[in-house]
Amino acid sequence: QVQLVESGGGLVQAGGSLRLSCAASGRTFSNYAIGWFRRAPGTEREFVAAISSNGGSTYYDDSVKGRFTISRDNAKNTVYLQMASLKPEDTAVYYCNRVLSYKPSSPGGAWGQGTQVTVSS
């Protein structure tokens, strides 16, 4: 079983950038597709982006397409989410999770603590 820990959140002004990291433990990390999700106050958790196990395919929600980039380094057991041109509506707690390879927007594992991203206007 792979365990995931998110980091890299913080406070940033609108238009700024942040890079989130999702560090995994376990030898089977490279077997899994990984996704990023977020939950803003008072809303349901929503899909943001996902990447296939070998990094060859990426998927994005329309709200972040062109601004966010997901990548992974299987040698470092880490998935990244590079966020640019941030908007106040990107403010949320961001989580990473395993996702189903045939449905990348569907989480398949346990949730971690997440990392808070706050974008000021």
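User: Which residue in β3 is the bridge partner of glutamine 3?

Analyst: In this predicted model, glutamine 3 has serine 25 of β3 as its bridge partner. Serine 7 is bridged to β3 as well, and there the partner is serine 21.

User: What makes β1 and β3 a strand pair?

Analyst: Two strands count as paired when at least two bridges are found between them. β1 and β3, the latter covering residues 18-25, are joined by five bridges in the antiparallel sense. Five bridges meet the requirement of at least two, so the two strands are called a pair.

User: How do you know that β3 also pairs with β8?

Analyst: The test is again at least two bridges. β3 and β8 (residues 78-83) are linked by six, also antiparallel, and therefore qualify as a pair. Within β8, leucine 81 stands opposite leucine 20.

User: In what order do the strands of this open sheet lie?

Analyst: The order is β1-β3-β8-β7, four strands with antiparallel pairing. On average, neighbouring strands in this sheet are turned by 20° against each other, direction ignored.

User: Why are β1 and β7 said to stand at the edges?

Analyst: β1 (3-7) and β7 (68-73) each have a single partner strand, so one side of each has no neighbour in the sheet.

User: What holds paired strands together in general?

Analyst: Strands of a sheet pair through backbone hydrogen bonds, in a parallel or an antiparallel arrangement.

User: How many helices and strands does the chain have?

Analyst: The chain has zero helices and eleven strands.

User: Why is the chain called as compact as a globular protein of its length?

Analyst: For 121 residues the globule rule gives 14 Å, and the chain's radius of gyration is 13 Å; the two values are close, so the chain is as compact as a globular protein of that length. The C-alpha trace spans about 40 × 25 × 25 Å along its principal axes.

User: What share of the residues counts as buried, and by what cut-off?

Analyst: A residue is buried when its relative accessible area is under 20%. By that cut-off, 43% of the 121 residues are buried. The accessible surface of the chain is about 6,300 Å², and carbon and sulfur atoms account for 45% of that surface.

User: What share of the contacts joins residues at least 24 apart?

Analyst: Among contacts between residues at least 6 apart in sequence, the share is 54%.

Key
Residues are numbered from 1 along each chain as its sequence is written. This is a predicted model: local features need pLDDT of at least 70, side-chain atom pairs count only at pLDDT 80 or more; totals for chains, interfaces and linings use all residues. Side-chain values use heavy atoms; hydrogens and water are left out. Axes are lines fitted to C-alpha atoms, for helices over the stretch in contact, and angles run from 0 to 180 degrees between N-to-C directions. The radius of gyration is taken over C-alpha atoms; the globule rule is 2.2 Å times the number of residues to the power 0.38. Buried means under 20% relative accessible area, exposed over 50%, partly exposed in between (1.4 Å probe, protein chains only). Contact means heavy atoms within 4.5 Å. Accessible areas come from the Shrake-Rupley method with a 1.4 Å probe; for residues, only the protein chains shown count as cover.
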